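My entries follow in the order in which I made them.

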Amino acid sequence: MNAISRAMLITLCFSAGEIGISSAASAADGADAAPPPAREERAPAPRDGYVWAPGYWDWNGHAYSWVSGRYVFERRGAHWVPDRWDQVGSHWQHVNGHWEH
């Protein structure tokens, strides 16, 4: 395996870990208050083989905190669905960003 392939593999592992960490940090039951409006972000210059995943508000059980957008490895034949908050009754439920075919 050459150095470039190894570097790409390491980046993929860290990217997957970040998605898992942000998912685990979200409160399982959601939030009682609506999230603030999304922040305007300018994606850095496009990168071959990656897709921009915009930032979103995360709930830690007490307050919202902004998670900045990032590039994720492209998956051919799929498109990225960004993180979002859905209102369910009087609560707000976080839906993790994910790939959809």
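I began with Y64 and listed its contacts (heavy atoms within 4.5 Å). Leaving out residues up to four places away in sequence, Y64 touches A31, A33, A34, P35, P36, W57, D58, W59, W85 and W92.

The model is predicted, so I kept to its limits: local features need pLDDT of at least 70, side-chain atom pairs count only at pLDDT 80 or more, and totals for chains, interfaces and linings use all residues. Residues are numbered from 1 along each chain as its sequence is written, and side-chain values use heavy atoms, with hydrogens and water left out.

Next I looked up the nonpolar cores, meaning sets of buried Ala, Val, Leu, Ile, Met, Phe, Trp, Tyr and Cys residues joined through side-chain atoms within 4.5 Å. Buried is under 20% relative accessible area, exposed over 50%, partly exposed in between (1.4 Å probe, protein chains only). The largest core has seven residues: A31, W57, W59, Y64, W66, W85 and W92. A second, separate core of five residues includes A53, V72, W80 and W99.

I then turned to β7 (residues 91-95). W92 and H94 form its covered face, while H91, Q93 and V95 lie on the uncovered one. β7 pairs with β6 (residues 84-88) in the antiparallel sense over five bridges; pairing requires at least two DSSP bridges. Q87 stands opposite W92.

Conventions: Helices (H or I, at least four residues) and strands (E, at least two) are DSSP runs, numbered from the N terminus.
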